[in-house]
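Please look through the sequence and the model shown here, and keep both in view while reading. The paragraphs that follow go from a pocket to some aromatic rings, and then to a few single residues.

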Amino acid sequence: MIKAVFCDFYGTLVPEYGPASYEVVKRVYKSGKVSSPEAVVAGWWELYSKKQAEAYGDHYRSQYDLALESFAELLPRFSSNEDPRSLCDKMTEHWSYPELYEDSRDFLEQCGLPVWLVTNSDTCYVETAVKHCGIAPAGIVTSESARHPKPRPEIYRCALEQAGLSPEEVVHIGDSLRGDVQGPAAVGIRAIWLNREGKPVPEGVEAVKDLRQALERIRQL
């Protein structure tokens with residue numbers, strides 16, 4: 001029996017990017033030698049993702065520090081004279097003050113089950129964002145509080161422990177195949193992929209197109 005929902009935050013309840021993020025990309029693109037804004041995003045994510053994958057347990061490092069270091073390494077690559085800390089500080093505006101997707105509030109209000117946020121971020125940004133959005137999740141588990149980022153199993157186990165539930169009593173929803181499907185599935189949590197962009201669905205993956213459809217699926221469990 002499903003007793004709670006674990007839900008990703010950035011990319012699921014709120015957009016992964018916002019005006020502040022786009023401004024950062026634009027600044028790097030305009031100040032440097034780079035083929036496109038998309039190349040800026042791809043280059044940064046490549047650096048950041050690798051650093052995040054190595055930052056867990058005793059070697060855990062905050063999202064801010066990893067992002068700052070990624071900017072510091074990215075800018076010389078594109079011959080940009082932007083300041084890494086200025087860019088990183090701008091990014092925190094989106095982390096702290098995102099806007100809910102249109103279907104997010106209805107999902108949270110109509111779910112009928114406790115919804116826990118399980119997300120990769122520094123806790124302070126998620127807590128500020130939750131207040132800004134005016135939502136009240138049952139709890140918040142971040143990569144910072146767990147000292148382990150998705151898709152490592154420890155963050156899901158930490159969430160289960162805090163919720164006082166077993167894997168079969170939870171369903172996890174999120175927009176990342178790796179972090180929100182493969183990760184929770186590895187510890188026995190049923191996972192639903194939020195596929196807002198209509199990407200091809202891998203075999204064996206349970207997918208929904210939006211949170212309204214996710215709500216219908218949860219009601220069927």
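Sorted by class, the residues that line the largest pocket are 14 nonpolar, 10 polar and 10 charged, where Ala, Val, Leu, Ile, Met, Phe, Trp, Tyr, Cys and Pro count as nonpolar, Asp, Glu, Lys and Arg as charged, and the others, Gly among them, as polar. The model is a predicted one, in which local features need pLDDT of at least 70 and side-chain atom pairs count only at pLDDT 80 or more, while totals for chains, interfaces and linings use all residues. Residues are numbered from 1 along each chain as its sequence is written, and side-chain values use heavy atoms, with hydrogens and water left out.

The largest pocket holds about 1,100 Å³ of space. Of the 34 residues that line this pocket, Tyr10, Glu16, Trp45, Asp175 and Ser176 are the closest to its centre. On a 1 Å grid over the protein atoms alone, a pocket is an open set of points where a 1.4 Å probe fits, with protein on both sides within 12 Å along at least five of seven lines, and lining residues have an atom within 4 Å of a point. Helix H2 (37–54), helix H4, helix H9 (177–186) and strand E5 (190–194) each supply at least two residues of the lining, and H2 gives the most, with 6 residues. Helices (H or I, at least four residues) and strands (E, at least two) are DSSP runs, numbered from the N terminus.

Which aromatic pair do Trp44 and Trp45 form? A search of the whole structure finds 7 aromatic pairs, and the pair of Trp44 and Trp45 is edge-to-face, with 5.4 Å from centre to centre and 80° between the planes. Rings of Phe, Tyr and Trp (its six-membered ring) pair if their centres lie within 6.5 Å, and planes under 30 degrees apart count as stacked, over 60 as edge-to-face and the rest as tilted. Trp44 also pairs with Phe71, in a tilted arrangement with 5.6 Å from centre to centre and 40° between the planes. This second pair links distant parts of the chain, with Trp44 in helix H2 and Phe71 in helix H3 (residues 63–77), 27 residues apart. Trp44 is buried, with a relative accessible area of 10%, whereas Trp45 counts as partly exposed at 29%; buried means under 20% relative accessible area, exposed over 50%, and partly exposed in between (1.4 Å probe, protein chains only). Ring pairs link Trp44, Trp45, Tyr48 and Phe71 into a cluster.

Just after H9, Gly188 takes a positive phi of about 90°.

Ser96 lies in helix H4 (residues 84–96) and is buried, with a relative accessible area of 7%. Leaving aside residues up to four places away in sequence, Ser96 touches Tyr125, Thr128, Ala129 and His132, where contact means heavy atoms within 4.5 Å.

How many disulfides does the model have? The count comes to 0, a disulfide being a pair of cysteine sulfur atoms within 2.5 Å. For Cys88, the nearest cysteine sulfur is that of Cys124, 11 Å away. Cys88 is buried, with a relative accessible area of 0%, whereas Cys124 is partly exposed, with 42%.

Conventions:
Points joined across faces, edges and corners; volume = space filled by probe spheres on them.
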